[in-house]
Amino acid sequence: MLSKFFGRFRKEKPASSTIVSGSDLLQVAADGSRCVQCGICGYNCPVGIEVREYARRGENVTDSRCISCGTCIEKCPRGTLRWGPAILIRADNTLEINPNSLPKDLQMKSREIQ
Amino acid sequence: MTSHHYLIIGNGAAGMSAAEIIRQRDTHGRITIVTNEPYLFYSRPGVAYFITDMIPERQLISRTESFYRQNKINLRFGHISQLDLRGQLAFLEKGEPIAYDVLLLATGSTATRPSFPGGDLEGVITLDTLDDAKRAIRYGRRAKSAVVIGGGITAMELAEGLSHQGARTHLLQRGSRLWPRLFDEWESKIIDSQIKHHRIILHYNEEVAEVLGKKGKVTGVRLKSGRVIKCQVVGVAIGVKPNRQLIEGLPVSYDKGILVNEFMQSNISTIFAAGDVAQVYDRWTGRHQLDVLWPSAINEGQAAGYNMVEVAQGRNMYANYQKESPFNCALLFGCHLTVIGQVGNRSGSDKAEISYLSRGSSHVWTAPFSSSYRSAWDKKGQNSLRIVMAGGRIVGALLLGNQELADPLRQFINQEVDLSGYESALLNGQEKIPKTILEAWRNWHQSWQ
């Protein structure tokens, strides 16, 4: 029987070492485990993006209205948000979409394809 | 196809995350959440930011009515006062029965009331729920002075809130530093200096003997030193107690909280528990422990949700929950704090601290250290980094101010990465620590390939 693990055993492989850097094209990235859904991010967003919905799923903020002002990053009281690359650069200079820039269900599929 | 009924008592982080998983796994099942608060799902930790006016009340609500509707989660406002295990029934206060196939107890915990005389006067408040927060704001606005008691995050947040609302606020500490279970001298001093900027008056080595009152209302506190501080509100944050009243007297095993196995299941196969009320096995100490942290509640709720579907549909459970090393972060008086793993202090005088868990605290932070534990520091101005090492691994870290190394440290601790090759460099301390951690981090990443 296949087991599923929560908590400590939900190990995630760190980004592959073939990835040497990220693009200068940045998005707001979230560490979902720091988020407590207080909503300070979205409350301060000048264009009204519900940032915590992305944070909850651990996705980058890909809303096309985002003007990259960084207000949500600055206001978050728990350090959930930061700048992260939208595109990853491999050692051989080829590119890869950051899996966090995709919705969660697509992330799984993208891992399978890889 | 029969549709199963999943009953969840409690609309907090554990209850909600269980409901979400159940809906993903069983699209036909009926899900009912019963809550004794008059609100949709809101951010409990967020009330600290509500009392300092960083966000309005409506922003705390993070699941709208349409979310409940879309996910076919039936939210009922009421209080479950009794269970019938044999009949698989839960009774609302007025006697109305709700039949269930599988039950999740996610009833959370409640702030401990003080035991000193006068603790029941009007004006003695705690900070737990949204209603508590509203009360704190009301009292804070009206009061000229406030006194706050408690050594943890919640006490500091409550003091910050009352002060922000205009009350001249005194924060009383039983010992000679802030949060003695966790902070060392230096870390306490950093927060201490921040607190002074917030016009809060700190008193060390002071304890309340009694709350003074007139016509049932708070007028001041008398300290054990004999001193009297006049105030109209007393904030108390001395810990939390799991809400396990519902199962007391029933054949459900409990200790401080409800005892559950790795599947979040109690000794009764159709009853699960998750969140503050559950007492889970902790491999770090080898005992069942309470864990009143938000991320734990979410993980526990999700694991419970998976297994509840399996039990309802007559299959074997497979979602294992294993407690992570404790992790919490906070913004205290403008200073960022992250605590990971075992960092607690062992100085003798602090042993008799509080008898219950602080909100946002964890027993494991202060689990007894063996003599092989060694600490190292890097301190610069308002930034501080402390690591604790044992057996060639980092087992705990506390970061104040600069948070750059929080993520690498968290992975090192959680995944028990062997750093014995770096041990001497790390334990020599000072500016070598951050450099060494980054170097180890890079090498660890490369080792995955």
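Of the 449 residues that make up chain B, 50% come out as buried. That figure, like everything else here, rests on a predicted model. For the complex, the predictor reports an ipTM of 0.85 together with a pTM of 0.88.

One stretch of chain B calls for some caution. Over residues 347-360 of chain B, pLDDT stays under 50, although the model still has 36 contacts for this stretch beyond four places in sequence. Where pLDDT is low, the predicted coordinates should not be read in detail.

Now to the overall build. Chain B has eleven helices and 27 strands. Its radius of gyration is 23 Å, close to the 22 Å that the globule rule gives for 449 residues, so chain B is as compact as a globular protein of that length. Taken along the principal axes, the box filled by the C-alpha atoms of chain B is roughly 70 × 65 × 40 Å. As for how the chain meets itself, 65% of the contacts in chain B with a separation of 6 or more are between residues 24 or more positions apart.

Zooming in, one spot to look at is Gly150(B). This glycine sits in the loop that links β10 (145-149) to α6 (153-164) of chain B. Is Gly150(B) buried or exposed? With 29 other C-beta atoms within 10 Å, against the 20 or more that the cut-off asks for, Gly150(B) counts as buried. Leaving aside residues up to four places away in sequence, Gly150(B) touches Ala155(B), Val236(B), Ala237(B) and Ile238(B). Glu207(B) is 57 residues away from Gly150(B) along the chain, and the C-alpha atoms of the two are separated by 9.6 Å.

Another place to look is strand β20 of chain B, residues 278-282. Four of its five residues are buried, so strand β20 is largely enclosed by the rest of the structure. Which way does β20(B) run relative to strand β18 (residues 258-259) of chain B? The two run parallel and are joined by two bridges. In this pairing, Leu259(B) has Gln279(B) of β20(B) as its bridge partner. With strand β21 (residues 287-290) of chain B, β20(B) runs antiparallel, and four bridges join them. Gln279(B) turns up here too, with Leu290(B) as its bridge partner in β21(B).

Conventions:
Residues numbered from 1 in each chain as written. Chains lettered and ligands numbered in written order. Predicted model: local features only at pLDDT ≥ 70, side-chain atom pairs only at ≥ 80, totals over all residues. Rg over C-alpha atoms; globule rule 2.2 N^0.38 Å. Buried ≥ 20, exposed ≤ 12 C-beta atoms within 10 Å, placed from the backbone. Contact = placed C-beta atoms within 7 Å. pLDDT = per-residue confidence, 0-100. Pairing = 2+ DSSP bridges.
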